[in-house]
Amino acid sequence: MSEIANTIFSPELAARFDKLVTIYPLRRSALVPMLLYAQDEVGYISDEVIAEIAERIGILELDVRNVLSYYSMLRTKPAGKYNVQVCTNISCMLRGGYEILDHCKHKLGIGHKETTQDGVFSLEEVECIGACSWAPAIQINYDFHDNLTTDKVDVLFQIYRDGQGKDVK
Amino acid sequence: MPTLVSHPDEVKIVSRRFGLGATDIDKYVELDGYKAVQEAIAKGPEWIINEMKASGLRGRGGAGFPTGMKWSFVPKQSEKPKYVLVNGDESEPGTCKDHVIFLHDPHAVIEGTMIAGLAIGSKLGFIYLRGEYRYLLKIVEKAVADAYAKGFLGKNIFGTGVDFDIITQTGAGAYEVGEESALMESLEGKRGVPRIKPPFPAVVGLYGGPTVINNAETIANAPHILLMGGEAYAKLGSERNGGTRLFGISGHVERPGVYELPMGYSLRKAIYDVAGGIKDGKKLKAVVPGGSSCPVMLPEEIDVGLDFDQMGKAGTMLGSGGIVVLDETVSIVEFALRTIAFYQHESCGWCIPCREGTDWIKKTLTRVYNGGGNKKDVDNVQYLAENMLGRTFCPLGDAAAMPTIAFVKKFRKEFEDYIAGNKAGTPIITVEQLVGAH
């Protein structure tokens, strides 16, 4: 039984949140993980998500928004089903990160922080994702793809389009 | 998925179990896992700290502070609970070493956390990974759950009457959170901005309690040190720099990868022997030796040992062990611009010199890169960077200023030539690309 009767989350996520707020010495510590998990399920941090998380933790909605606006992986607008994050930081840059980014833009027909019309892909240029020695690298949702070439990117997009890609969340 | 590499010069301590299936708890135990922590319980905190001090292990996150000493600073008596916090918020461009530890040997981080906890008298540890490492969190979460199932974590671990718990989580994308006090803020559910120090975390840390914060690689070394003995570990490295360390070599080399080399190993050999030399037979132009915040080195400066002291004497830093190699085709103006664009994006905005300084340097370098620079710009960039140094609560300001100063000092002519219209290197970024996302 969830702490909140009219939850907007699935029963599984609600149960996870019920537990999450109890494991930390301070309830509020659960905030960042909750926002991430809610985003995974809902697709973005909606006003309803903010309201319910604030209630679950016992803080103001303003406190939630204050934290939400700080972290680059949290978004307040929907993204595509597969969010493609292309690293262009120094190690990736030296090994073709920008070429990969341009290729993704061309292939998907969208720019930075945009979503394809069918809602399958969204694209983001991001700072270092910690795959420097395997550059250039991208992350699709939470799945890493490294040592990329433009040909490999084409194959990847097709795999995801066909519904065969790992949907790591 | 990151590929494992190896080279005969490697000395595998912390990477000893990589690729052997040690994510499985039974395999980990078979490979001497959870032996060190049981010995630590039997022999007590003083023994642990003495071994850690003898090992000469210095923090692998970048600052290089002696780990044993850090642990000994935590007050023995405390009204508030004490905590261990593992910093897996690896975000320094060029650095990807913790990535492979979490991927291949998560139990070593768990065991190390327990050892740190025993050393300071803590019953609760946190393993905090960067948000982008969610797939690694799943691996660590499973390892933690397996350890609980075996009775290695929780109440009465190994039947010894000792309790220890571990909580795992990720951040949500913020380089700044890698700074220890910002990490504590983030873990307390707040914006990840730094705290004023003192008080230091060893006295007033997480939830106001005494806290030990260590980088994931530092923590993963602890079980190995206790198993082999602190002195034996120290002997693997160089003077005042015990042991080995993981180096993530990236950029224009033939065999990029994460290699474990003894402290003090030659930077030249790391680039030319271990990583196979410069890609496609090109010439070396520059090396960023320890992550993007470390001052750049010229080809004639690379005959230096990779340890904290020798790199410091060479006018740079060992940092987080991320060696980025640049070949002759790279435009330093462009590389410097991409570097500062990162720091400008990641500055939390708390301190004005960092917030404004990174922004002005980026704006100036963008104009230079765009072809609209003037003669004073090089001096202005240096002036701005020098005025950021030491004037911020956390080291992000310094991390942005130090490489900028080095780029300008060591490649001044290239900047001046660029402004005069003679552009060196092959352009990679268009100004629109850079302005678009950052």
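How much area do domain 1 of chain B and domain 2 of chain B bury between them, and what share of it is on carbon and sulfur atoms? The two domains bury about 1,300 Å², 52% of it on carbon and sulfur atoms. The model behind these values is predicted.

## Chain B: overall form

Chain B holds 18 helices and 9 strands. Its C-alpha atoms fill a box of roughly 75 × 45 × 35 Å along the principal axes. The radius of gyration of chain B is 22 Å, which agrees with the value near 22 Å for a compact globule of 438 residues.

Chain B is divided into domain 1 (25-234), domain 2 (244-327) and domain 3 (332-436). The centres of domain 1 and domain 2 of chain B, taken over C-alpha atoms, are 27 Å apart.

## Domain 1 against domain 2 in chain B

In chain B, 17 residues of domain 1 are in contact with 18 residues of domain 2. On the domain 1 side, B:Arg58, B:Arg60 and B:Glu92 lose the most area to domain 2. Together these residues account for 33% of what that side buries.

B:Arg58 also takes part in a salt bridge. Its partner is B:Asp309, with the closest N and O atoms 3.4 Å apart. The count between domain 1 and domain 2 of chain B is 1 salt bridge. There are also 8 residue pairs in polar contact across this interface, both residues being at pLDDT 80 or more. Helix H5 (residues 97-104) of chain B gives the largest share of the domain 1 side, 3 residues. By class, the domain 1 side divides into 6 nonpolar, 6 polar and 5 charged residues.

## Chain A: two domains

Chain A is divided into domain 1 (11-70) and domain 2 (82-161). Their centres, taken over C-alpha atoms, are separated by 29 Å.

## Chain A against chain B

Between the chains, 48 residues of chain A are in contact with 72 residues of chain B. The area buried between chain A and chain B is about 4,900 Å². Carbon and sulfur atoms give 58% of it. Which three residues supply more of the area that chain A buries against chain B than any other three? They are A:Tyr70, A:Leu94 and A:Trp134, which supply 15% of that area.

Polar links cross this interface as well. The rule finds 28 residue pairs in polar contact between chain A and chain B, both residues at pLDDT 80 or more. Several elements of chain A each supply at least two residues of the side that touches chain B. Among them are helix H1 (11-23), helix H4 (61-68), helix H6 (97-108) and strand S3 (121-126). H2(A) gives the largest share, 6 residues. By class, this side of chain A has 27 nonpolar, 12 polar and 9 charged residues.

## Salt bridges between the chains

Over all chains, the whole structure has 38 salt bridges. The count between chain A and chain B is 2.

A:Asp40 and B:Arg134 meet through their side chains in a salt bridge, at 2.8 Å from N to O. The side chains of B:Arg338 and A:Glu127 also meet in a salt bridge, at 3.0 Å from N to O. B:Arg338 lies in helix H13 (residues 332-346) of chain B and A:Glu127 in the loop between S3 and strand S4 (138-140) of chain A, so this pair joins two chains.

## Backbone points to check

Most peptide bonds are trans, and most residues other than glycine have a negative phi. B:Pro199 lies in the loop between H8 and S5 of chain B. A cis peptide bond joins B:Lys197 and B:Pro198, with omega about -5°. A cis peptide bond also joins B:Pro198 and B:Pro199, with omega about 5°.

In chain A, A:Asn147 has a phi near 45°, a positive value in a residue other than glycine. A:Asn147 is found in the loop between strand S5 (143-145) and helix H7 (150-161) of chain A.

How values were computed:
Residues numbered from 1 in each chain as written. Chains lettered and ligands numbered in written order. Predicted model: local features only at pLDDT ≥ 70, side-chain atom pairs only at ≥ 80, totals over all residues. Heavy atoms only, no water. Contact = heavy atoms within 4.5 Å. Buried area = accessible area lost by both parts, 1.4 Å probe. Salt bridge = Lys/Arg side-chain N within 4 Å of Asp/Glu carboxyl O. Polar contact = N/O pair within 3.5 Å; in protein donor to acceptor, adjacent residues only side chain to side chain. Helix = DSSP H or I, 4+ residues; strand = E, 2+ residues; numbered from the N terminus. Nonpolar A, V, L, I, M, F, W, Y, C, P; charged D, E, K, R; others polar. Domains from an automatic or database assignment. Rg over C-alpha atoms; globule rule 2.2 N^0.38 Å.
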